[in-house]
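Please open the structure in a viewer and keep the selection panel at hand.

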Amino acid sequence: MASPPYVELHAHSAFSFLDGASLPAEMADRAAELGHPALALTDHDGLCGSLEFAHAAAAAGVRPITGAELTVTTAPIGDSHQGFQKRHLTLLAIDARGYGNLCRLITVAHAHTRDAPDRRAGAPLLPLDALALHHEGLACLSGCARHGLVAAPLAAGRRAEAEAMLRRLVGIFGPDRTWVEIQRPGLRGDRALARALEVLAGHVGVPVVATGDVHAHAPRRAFLQDALVAMRHRLTLDASEEMRRGNRQAVLVPPDDMARRLREHPEAVSETLRLAEMLEFDLTRDMGYRFPDFASGHAGEGADAALARICADEARRRYHDGPERDEALDRLDEELGLIRHHGLSGFFLLHRDILEIAREVALDVRPEGSARRALPPGRGRGSSVGSIVCYLTGLSHIDPVASGLFLGRFLNRDIRSVPDIDLDFPRDVRARLIEEVMRRYGSEHAALVAAFPTFRARMAIREIGAALALPPADIERLARLADGWSSADAVEDEIRRMPGGDDRLRSRRWRALAMLAKEAAGLPRHLSQHSGGMIVSATPLVELVPVVPAAFAGRQICQWDKDSCADAGFVKIDLLGLGMLSAVEDCLDLIARGHGSAPDLSRIGFDDPEVYAEIQDADTVGVFQIESRAQMQSLLQTRPENLDDLTVQVALIRPGPVSGGAVHPYVRHRRARRRDPSFRPPYDHPLLEPVLEETLGVVVFQEQVLEVSMALAGFSAGEAEDLRRAMSRKRSRDAMLRMWERFLAGARERGVPDDVTRTVFAKLIGFSNFGFPKAHSAAFAVLAYQSAWLRRHHPAEFLAALINAQPMGFYPPASLVRDAGRRGVRTLRACIRMSDVHCTVDDGRVRLGLGMVRGLGADAAERLVTEREARGHFDGPADLVARTGLRPEQVAWLARAGALDAFGVPEREILWQAGTLLRPRRVAGGAGEQLPLPIDPSAAPPLPEPDRIDRVIAEYEATGISTGWHLMTLVRPALPAGTLTAEALRDTPHGREVTVAGMVVARQRPATAGGIVFLLIEDETGPVNVIVRPDLYEAHRALVRADPLLVITGRLERRERVVNVLARHIEAARLPARDAIPLEEPDDARVREAVPGAQNFAQGRRGR
Amino acid sequence: MGTRSIRGLGAPQPARVIASPGGAPHAVITDGRRRLVVAVRDSWRVQDRWWTDDPVDRAYFDVVIEPGRVALVYREASGDWFVHG
């Protein structure tokens, strides 16, 4: 086969947001299919997908070329660009220097995108003058036919301007690095334009080069591309004709086809080959990033020596003389050797530095005298927890020698990517820490990691629906029907479900909606900040990856997401806020306040039988990581007995193990082992025994995926990383196919039968990257145990702390209060005299905080408490308003929450007074404040008192909690005869038909469950698990999705100790008819509104 | 890039066009006479309105037909040819 006559040097991926219609991997794979030897990715003003593309292309056998299409202006730097045109210019990296310059130029282009007062994102723009400062190593192509710097004026007949622009480019890049770009996009007039460009190029003395300006990898995406353009301009497709391309020619085609399309420009075509030769820079190889080499502060001491010194000192301090210290020092030696081998000493010192910053921030943030100040500022998780160097440098608080944890994945001899180090912080520390780290390392050396939110069903429907000019009401209805977990693939099904759905699909517009939503699924939408990741480098970051300002002032984001940062080998630091850490700290604080001192969590051990008894009974509401419905049902069967078991437990109930078919076998094997301690679990193949022994024969931990590939198929650590990479993105079928072939070949070499190989590989694919590393799990298991311990031994403080840390966790505060109540903890409603801003513990009872009252917020609550402590208790509503400036509705909410009961004034009267009392008003020009004219309270009209039912509902409305009756107590009289309580279910035998009712606490429809919906409902005696089959769900969708009070009839299933009701019939629970006072009678709608927010499918809980 | 006026700006008429292997028009048969296409001055694709009930998918050719008449011909996706002017 003759070598291809053409190389594409101008192509866009979906990282040209709302313009390119294909993922980088799709472009790469398609290019390979079509026989392209190389391909340049030139997204708009960014390199967001460039590393992803480079790896995908290299894996597919296509040489990746790195570049970008820059939006430029001829306005002088610093001047307003009003009145100046925006034009396009294509830049390609010749060498590493050029790449660095490209990053700098893109950074400059984005530098002012957040200058608006509200920091709303503006469009990037590069002043042409800036090119002169950063031109070396770059090839400059004059831009696309429509907007190119040279082509645009030429097309408009302004030849002199076009020539001036071209000469300006030559002035900057020189005639050896400037090309006139020739395109044939298939528009009227482009032939003449191309000819004129050739003439101009000849006149000025620069070569011409042909490009395609590709925007999609396949013709079907060209339809989406049209829609994206419409969306970008916020127009309908009908109205955006001028902005769109007008045809589907900007699609990747075989090199021969391009050569034919451009046959009138043979020199421009052959130049693509010559230019491609010149562009040697390979992003997967030549970036030039090195780990930071850290100065330790001791003059002349290198990083290796500094790290060794610090660790040795620390080891001697923490380990007593004897076998423990010997083992510690041995492991230290071994680890330091590995660390030296990989050149990572600076990396560890860097982390220690971050923790020092964290310590300072923590002291700053935590109040004087609080028990918190003695706590370490954060916790390490991730692969670091098995490392003794991490322990000694403070990254981890788990003693790996004592806990028997080993290095494992971390610091593997052949490792190609940098180890992860993740640090969890309580929320208060974390927010300040990010700022402080940014500040210390400076904008040249630190940036946040990017995230690229993708098109989800709801958004795709709304935006594409608008572009198609479909009726807004219909679109909205469709969007609402699409669940958080609906894939955009399924829009066609959703349309069909609509009334008249089949008819709609007869219309082209509706069919287009279904098709486009499916094509758009998973494409990146825009650049945003990743929640906690940041990268730090010694080389100025801005030469390695472009950096853009963030919405948050003072922060900046690099253009790569966490996968690309990992591929690039950046030191990535994840500073995560963990609500549970905040809760644990608060709990210790509360204990100290009540008892004088707090327990030392590092000394409580991990073997309290009472704690494990509760865990094994799934009595774990509020316990970190093991409180969810799925976890609880699992705990009843797996019955963890120690920290190792908890470590597996934390990792087990996740999409990875579930899809990988690990959960049921693990449970079975565990049961078998309980009955017979000598039980040996079966393995798919004996080669897997050493890897899977600790998890009873199944893959539970993320690194076991790689370890299995190494054990069964002989993958090297590097090949295992390739497998990880192939599974980490929207998966490329071709990449996975290549992996399978290698896997099969390797397994055959080891004598593994093909059917076994197939089985194991399928499990690995199911598991994919959706699991937890063991050391992550271990760190979380520690926190889970500590929370369970605190819950057991200090239940009141634990409850108060959990409520204070909301929103977090699986259960709304109302359920937490109920659960604690069943364990003997009483909760008192917020009180104007007794409450603090936050929840506190008073003589073993939890006192709700004033900050919980709706409409108040922390600020108003603070003011209130401060004023009360300064000048004494409030006499009454008038006094309260006068001294705190609370608004009438805030006083009303306090009253409804029961917080003003201490005033001894009927609630109606408080509300009346709150409505009529005025705050002091300033008189303009007056000497002082005009005092309010209080209206004599005794003149209030007689209103009936809200009765007890109203009080309950009012309290739910005002705080989300009832400290008195459960809502279901009010509803019970109207329930069908024979409705059982949750408690009564305990004595009901398996197989019996039952009716239960309750408040919905959680709704879940895991992707792994084949359409089954799990409901957790709660009545006044406890929770009930309900299973709703897909067909029943379809029949009662609205009810199941949205109604907060349900009556369920179905079959009771009791397996082992797990109890579920298999729903057969669902209806809404109605309130009893009331013949009470007409005024303010809580009606059905109001009651339903008052129910606290449930955990809804994948969206978590919405706080108030 | 001036154009000579196109006669008869009426609706496009079906045309019999003989295309070369590459797809460009080679000859047009009008009034029973076969006239050669002397030059293809420009060609472009219009592929639009695919979301409506009247989608467009055409290849246009701005041609000079002997003995020197300028015309606009296009080929629909169905393969049918039309001529403007």
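The model shown here is predicted.

**Stop 1: the interface of chain B with chain A**

How many salt bridges are counted between chain B and chain A? There are three. For one of them, select D48(B) together with R244(A): these residues form a salt bridge in which the closest N and O atoms are 2.8 Å apart. Polar contacts may be displayed next; between chain B and chain A, 12 residue pairs are in polar contact, both residues being at pLDDT 80 or more.

Now colour chain B by its elements.

The size of an interface is often given as the accessible area lost when the parts come together. Between chain B and chain A, the buried area is about 1800 Å², and carbon and sulfur atoms give 48% of this area. Select Q47(B), W50(B) and W51(B): they supply 44% of the area that chain B buries against chain A, more than any other three residues.

**Stop 2: two helices of chain A**

Select residues 702-713 of chain A, helix α30, and residues 733-749 of chain A, helix α32. Their axes come within 7 Å and cross at roughly 45°; α30(A) is therefore oblique to α32(A). To view the contact itself, show S709(A), L712(A) and A713(A) in α30(A), which meet F743(A), G746(A) and A747(A) in α32(A). The residues of this contact divide into four nonpolar, two polar and no charged.

**Stop 3: a salt bridge within chain A**

The structure holds 73 salt bridges over all chains. For an example, select E136(A) and R97(A), whose side chains meet in a salt bridge with an N to O distance of 2.8 Å. This pair links distant parts of the chain, 39 residues apart: E136(A) is in the loop between α4 (128-131) and β5 (138-141) of chain A, whereas R97(A) is in helix α3 (residues 96-110) of chain A.

**Stop 4: backbone details**

Most residues other than glycine have a negative phi, and most peptide bonds are trans. Around P807(A), the viewer shows the loop between α35 (795-804) and α36 (813-822) of chain A.

In chain B, select E66(B) and P67(B), which are joined by a cis peptide bond with omega of about 5°. P67(B) belongs to the loop between β4 and β5 (69-76) of chain B.

Finally, select A469(A) in the loop between α17 (457-467) and α18 (472-481) of chain A. Although A469(A) is not a glycine, its phi is positive, at about 60°.

Methods
Residues numbered from 1 in each chain as written. Chains lettered and ligands numbered in written order. Predicted model: local features only at pLDDT ≥ 70, side-chain atom pairs only at ≥ 80, totals over all residues. Heavy atoms only, no water. Buried area = accessible area lost by both parts, 1.4 Å probe. Salt bridge = Lys/Arg side-chain N within 4 Å of Asp/Glu carboxyl O. Polar contact = N/O pair within 3.5 Å; in protein donor to acceptor, adjacent residues only side chain to side chain. Axes fitted to C-alpha atoms, helices over the stretch in contact; angles between N-to-C directions. Helix = DSSP H or I, 4+ residues; strand = E, 2+ residues; numbered from the N terminus. Parallel < 35°, antiparallel > 145°, perpendicular 65-115°, else oblique. Contact = heavy atoms within 4.5 Å. Nonpolar A, V, L, I, M, F, W, Y, C, P; charged D, E, K, R; others polar.
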